[in-house]
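User: Could you walk me through this one? I'd like to go over the helix packing and then the ligand site.

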Amino acid sequence: MPHGDFLPQTPARLSSFSWESRRFSKLSHRTGLRVKRRKLIENNWLGTRLDSSLELKMEHESGRPHGAAIPMGTENVRLAPSDLLALYRRMQLIRLCEERLVKSHQRGLVHGACHTSIGQEAVAAGVCATLRPDDVVFSTHRGHGHALAKGITAEAAMAELMGKVDGCCGGRGGSMHLYEPAVGFLGTNGVVAPGIPIAAGSALSAKLRGTDQIAVSFFGDGAVNNGAFHEGVNLAATWNLPVVLVCENNLYATETPFNRATKNTSVASRAAAYNIPGVEVDGNDVLQVYEKAGEAITRARQGHGPTLMECKTYRWFGHHVGDAGTSYRSKEEIETWKQRDAIKKLREQALAEGWAEKRDFEAIDSETARIMEAAAALSLKSPEPAAETALDHVYSS
Ligand SMILES: Cc1ncc(C[n+]2csc(CCOP(=O)(O)OP(=O)(O)O)c2C)c(N)n1
Ligand SMILES: [Mg+2]
């Protein structure tokens, strides 16, 4: 298959998302995006996760903490339309935040390199939606989306990139050092690959402490030929650790095409070398990512060890803001991938299958735009750390 033209071997349509939703196309829209929970119960839509409340509201209305788990994509659980809209919302928020960061970087407001994940939102949103707040995520230099999907707020992320005190690390970390332990986000990391053994270590810690927390490591195709990948995956497999290894294969590491960096371009197939499951996923299909991540998380949480997920996706723009990304990629290739936009795809599917209406998406689009406006304003207003605090948090022996 020509390079840049893959789409995963995906089953025609995932059975657990095979929209019986048409039956719910008449769901009441009494209050904006609310759906009638009783109706869902009658139709067994929600499978095993019913509770006593009568209405299920959208994520932002429901009191579910931002970034907290949407119910798992197991066979027994069907996603409600509100949960699907919550996935859309997460992707849209990531897209808008990244777009805003690009503009801020161009205006000199964001310091240091800024790697955006526009085009890759479905991986962050789909994987993190299966996680609990106390599960932990380790990310990369391209990690804004993971941070937002795990629960860092847009203002905490933006202010951090702008070096402001309201940033999640008080403005001292920037893009490649976003941390927020309170939401289980243990960091973006500018070094390619060591997030994998670090996540394995974190999973070992959970195992030794007897918790059922999961660690997730996101990494790019550029990481899989690095020794840390082998060490981390081997250790996770040998010790049966509760970790999910998510490769975002976007075909390039800086300007190097993946097929020039390796003779085996199937990352998922490498799992066999460690005797663990390897799963190839369409990284531009948030429902498929969600389902496959849910299976991997369940496996890990039940003590069956790690899974290697290869999410095939594409960054629409250059490696970092300032790199056009067109000297080593053809316009046609970029355009082809833009046609596979996960956000548009989910929206079109929803409208075609009748589980949401145009106004549902319009409501989310305006809400996320408002959130970003507020985040940008707050980040601008937020002060820089005071000079006399420069040595705070600096440790030496
Ligand atoms: C150990 C290491 N080697 C090299 C680099 C320089 N570097 C930064 S990002 C990058 C490419 C990473 O590509 P990939 O892992 O595919 O992630 P993507 O940028 O595609 O998301 C490289 C080589 C680094 N940061 N760390
Ligand atoms: Mg890459």
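User: At what angle do H3 and helix H6 (residues 154-161) pack?

Analyst: Keep in mind that this is a predicted model. The axes of H3 and H6 lie 11 Å apart. Angles under 35 degrees count as roughly parallel, so H3 and H6 are roughly parallel to each other. Their crossing is right-handed, and the packing angle is about 25°.

User: And how do H3 and helix H4 (residues 121-128) cross, at what rough angle?

Analyst: Here the axes of H3 and H4 come within 9 Å. The crossing is right-handed. H3 is oblique to H4, because the two axes cross at roughly 135°.

User: How far apart are the end C-alpha atoms of helix H3 (residues 81-106)?

Analyst: H3 has 26 residues, and at 1.5 Å a residue it should span 38 Å. The model agrees with that expectation: the end C-alpha atoms are 38 Å apart.

User: How many of H3's residues are buried?

Analyst: A residue is buried if 20 or more other C-beta atoms lie within 10 Å of its own. On that count H3 is mostly covered, with the buried residues numbering 21 of 26.

User: Which residue just after H3 takes a positive phi?

Analyst: Look just past the end of H3. The phi there is about 80°, and the residue is Gly108.

User: Which residues come nearest to ligand 1?

Analyst: The shell around ligand 1 has 6 nonpolar, 7 polar and 2 charged residues. Of the 15 residues around ligand 1, the nearest are Arg142, Val192, Gly220, Gly222 and Ala253.

Note on methods:
Residues are numbered from 1 along each chain as its sequence is written. Chains are lettered from A and ligands numbered from 1 in the order in which they are written. This is a predicted model: local features need pLDDT of at least 70, side-chain atom pairs count only at pLDDT 80 or more; totals for chains, interfaces and linings use all residues. Helices (H or I, at least four residues) and strands (E, at least two) are DSSP runs, numbered from the N terminus. The expected span of a helix is 1.5 Å times one less than its number of residues. A residue is buried if 20 or more other C-beta atoms lie within 10 Å of its own, exposed if 12 or fewer, and partly exposed in between; C-beta atoms are placed from the backbone. A residue is near a molecule or strand if its C-beta atom, placed from the backbone, lies within 6 Å of it. Ala, Val, Leu, Ile, Met, Phe, Trp, Tyr, Cys and Pro count as nonpolar, Asp, Glu, Lys and Arg as charged, and the others, Gly among them, as polar. Axes are lines fitted to C-alpha atoms, for helices over the stretch in contact, and angles run from 0 to 180 degrees between N-to-C directions. Angles under 35 degrees count as roughly parallel, over 145 as roughly antiparallel, 65 to 115 as roughly perpendicular and the rest as oblique. A crossing is left-handed if the near helix is turned anticlockwise from the far one by less than a right angle, and right-handed if clockwise.
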